[in-house]
Amino acid sequence: MESRRRAKKSARENGDNTGQRKKLLFVISTLGTGGAQRAFANMSLGFPDDWECDFLLNDDCDVTYPHRGRIISLGLKPQKDKTNLWYQLIVLWTRLRKLKDLKRRGGYSACISALTSANVVNVLTGSRYCKTIVSIRVHMSKIIAAEGYKGKIEYWLTRALAGRADAVVSVAESARLDLVRNFHIRADKTVTIYNGYLLEQMRALAEEPLLSQEKAWFREGCRHLVTVGRLDIQKGQWHLIRAFAKVHRLCPATRLLILGTGKLEGKLRELIAGLQLEDAVVLCGFAANPYKILKRCDLFILPSLFEGFPNTLAESLCIGVPVVSADCDSGAREILAPGTDIERKVLGDFEQAQYGILCPVCDGSSKSAQEELTAEEDVLAEAILFLLRDKDAWKYYQKQCDIRARQLSIGQSVRKWMELIDE
């Protein structure tokens, strides 16, 4: 194994990247939506100025996240349904040809990819000319049950190929352990690097004025709760809506804002209507600047069934908004209770952790408006009510936000990336 590493190092040093030790290629689908995409954009801004950054994207039609570096587009037509198998095959083949050429000619120190399709191509195009690093953004074992056949494909591709990369970066330690235990990836190839956040930029965006449509989401005299994420099974928003029905019944001066779009929008609207919450729950759609919405809310709620490293949870802390989160795999406990055992799970009542409230994960079952709350939904409602009613607890967690935010700054994350690339 050591001889193989020496051979790879020699090939890189004698290839086209000689003398160019600080040039990176990020491979991702877009820079317009998604947590992984935003994390890569932030990374490019966090690296020192003498590190060059390029992005290989499916298309350059939707580049909205602030970033630094050159955009290289595959020139594909934007698709609404990016899960379409035919589209994915086209992306795979086009990206494979382009990336192979870029690695050979680009003089990169490392090629860093995220999400399964990009990771597959990164591995298949090899490490002859630069270090190959794949980034795993979610607790992969949870994908199978939640994503059906797509999840099974991602599972087997990750198991078969990820270990062939020079390094496998996980965004949470619990997700890294999952890769070692269930995907048979060597522990010495894996490393955990948390996402980093551009605190000053985020806080500046949070101070921007609301648009007229956004102003309508807020009501004077109300306490506002917010969650942000795709409207799909992973994010579990229907559990939050059902829990909020109890909160709203006991505290009528409350509103719930749900930012995001997705395939569950119709079902969520039906549930909201069935619970007669049309005037209290707002499906806000996509927000180009979610920070100004977060800043004006009293609580952020994360009801996810599983995650990788939940960006919106960390971003809420960075903005100064107290949080209530499901103790899901993975990331939530590592963000809110970093001194505890990462494999510990909340059972029964909610946990008042160091930087926020942790609740038991909901079971993911679909319930009608008429059915009673599950035990986990009831605890979620009680945790929200606790912070709405206890002003001292709310103020305590608001102060804790700033402490945790400094620990999650982009500088901490980028230093670890630089160390990995230079190994």
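**Figure 1. Strand S5 and its burial in the predicted model.** Strand S5 (residues 131-136) is mostly covered, since six of its six residues are buried (under 20% relative accessible area; exposed is over 50%, and partly exposed lies in between, with a 1.4 Å probe and protein chains only). Strands (E, at least two residues) and helices (H or I, at least four) are DSSP runs numbered from the N terminus. In a regular strand the side chains alternate between the two faces of the sheet. Lys131, Ile133 and Ser135 point one way from S5, whereas Thr132, Val134 and Ile136 point the other way, and all are buried. The structure is a predicted model, in which local features need pLDDT of at least 70 and side-chain atom pairs count only at pLDDT 80 or more, while totals for chains, interfaces and linings use all residues. Residues are numbered from 1 along each chain as its sequence is written, and side-chain values use heavy atoms, with hydrogens and water left out.

**Figure 2. The neighbours of S5 in the sheet.** Strand S4 (residues 110-114) runs parallel to S5 and is joined to it by five bridges; two strands pair if DSSP finds at least two bridges between them. Ile133 of S5 is the bridge partner of Ile112. Strand S6 (residues 167-170) also runs parallel to S5, with four bridges joining them. Here Ser135 stands opposite Val169 in S6.

Figure 3. Seven strands form an open sheet in the order S3-S2-S1-S4-S5-S6-S7, with parallel pairing. Strand S3 (70-73) and strand S7 (190-192) are the edge strands, each pairing on one side only. On average, neighbouring strands of this sheet are turned by 25° against each other, direction ignored (axes are lines fitted to C-alpha atoms, for helices over the stretch in contact, and angles run from 0 to 180 degrees between N-to-C directions).

**Figure 4. The β-α-β unit around helix H4.** S4, H4 and S5 make a right-handed β-α-β unit; right-handed means that, with the strands pointing away from the viewer, the path from the first strand over the helix to the second runs clockwise. Helix H4 (residues 116-124) is mostly covered, with eight of its nine residues buried. The buried residues of H4 include Thr116, Ala118, Val120 and Val123. Leu115 lies in the loop between S4 and H4 and is partly exposed at 34% relative accessibility. Just after H4, Gly126 takes a positive phi of about 80°.

Figure 5. Most residues other than glycine have a negative phi, and most peptide bonds are trans. Leu115, although not a glycine, has a positive phi of about 80°. His184 also has a positive phi, near 55°; this residue is in the loop between helix H6 (173-182) and S7, and counts as exposed at 56% relative accessibility. A cis peptide bond, with omega about -5°, joins Asp329 and Ser330. Ser330 lies in the loop between strand S12 (323-326) and helix H13 (332-336).
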